[in-house]
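I opened the model today to look up the overall fold and a few single residues. My notes follow.

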Amino acid sequence: MANPTATPAAAYRRGDVLAATPGQLVVLLYDGALRFLRQATVALREREIERAHNSLRYAERIIAHLDGTLDYDQGELPQRLHMIYAFCLGHLGKARTNIDPGKVEEVSDMLGELRDAWSQVAAEVDRG
C-alpha cells in the first residue's frame with residue numbers, strides 16, 4: 001500500500017497544517033468538516049447510506065474535536081459554541097436516521113458561517 005503522505009498534495013497539506021497558527025488550524029478543521037458534510041449530502045441524495053454514514057462520522061469527529069477543545073475560561077463564547085456544536089451533532093444524527101440531506105445542509109450552513117468568522121479572526125490576529 002502506498003504511503004498517503006507521499007503524494008505531493010498530501011505533503012502540501014501536511015506543510016499547511018504544520019505551518020498554521022492556532023486560528024488557521026481551526027479554519028482547516030472547519031474546512032474538513034464542511035468537505036465531509038458535502039460528501040454526506042451527495043451520498044444521502046444518491047441513497048448511498050454507507051458512504052453517507054462514513055462521511056457523517058468524519059464530520060462528527062471534527063465537530064466533537066472542536067467542542068472538546070473549547071476553553072471555558074474565555075468568557076461566554078465557548079459556552080455558545082458548545083451549544084452550537086451539540087445542536088449540530090444532534091441534527092446530523094437526525095439526518096442519518098431520517099436520510100435527510102436537508103438537515104446536513106443546515107449544519108453545513110451554520111458551520112460555514114462559523115468558519116468564515118474564524119477565518120476573519122485568524123487573519124486579524126496574523127496581521128498583528
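I noted at the outset that this is a predicted model.

**Overall make-up.** I started with the secondary structure. I found five helices and zero strands in the chain. Read from the N terminus, the order is α-α-α-α-α. I then looked up burial: of the 128 residues, 32% are buried. The chain exposes about 8200 Å², and 56% of that comes from carbon and sulfur atoms. I also checked contact range. Taking contacts between residues at least 6 apart in sequence, 60% join residues at least 24 apart.

**Arg-47.** Next I turned to backbone angles. Arg-47 is not a glycine, yet its phi is positive, at about 60 degrees. I placed Arg-47 in the loop between α2 (22-45) and α3. Is Arg-47 buried or exposed? Its relative accessibility is 55%, so I logged Arg-47 as exposed, the cut-off being over 50%.

**Ile-99.** I noted a positive phi here too, about 50 degrees, and Ile-99 is not a glycine either. Ile-99 sits in the loop between α4 (77-98) and α5 (101-127). Its relative accessibility is 30%, so Ile-99 goes down as partly exposed.

**Ser-55.** I then moved to a helix residue. Ser-55 belongs to helix α3, which covers residues 49-68. I wrote Ser-55 down as buried because its relative accessibility is 6%, and buried means under 20%. Which residues does Ser-55 contact, leaving aside its neighbours within four places in sequence? I listed Phe-36, Gln-39 and Ala-40.

Key: Residues are numbered from 1 along each chain as its sequence is written. This is a predicted model: local features need pLDDT of at least 70, side-chain atom pairs count only at pLDDT 80 or more; totals for chains, interfaces and linings use all residues. Side-chain values use heavy atoms; hydrogens and water are left out. Helices (H or I, at least four residues) and strands (E, at least two) are DSSP runs, numbered from the N terminus. Buried means under 20% relative accessible area, exposed over 50%, partly exposed in between (1.4 Å probe, protein chains only). Contact means heavy atoms within 4.5 Å. Accessible areas come from the Shrake-Rupley method with a 1.4 Å probe; for residues, only the protein chains shown count as cover.
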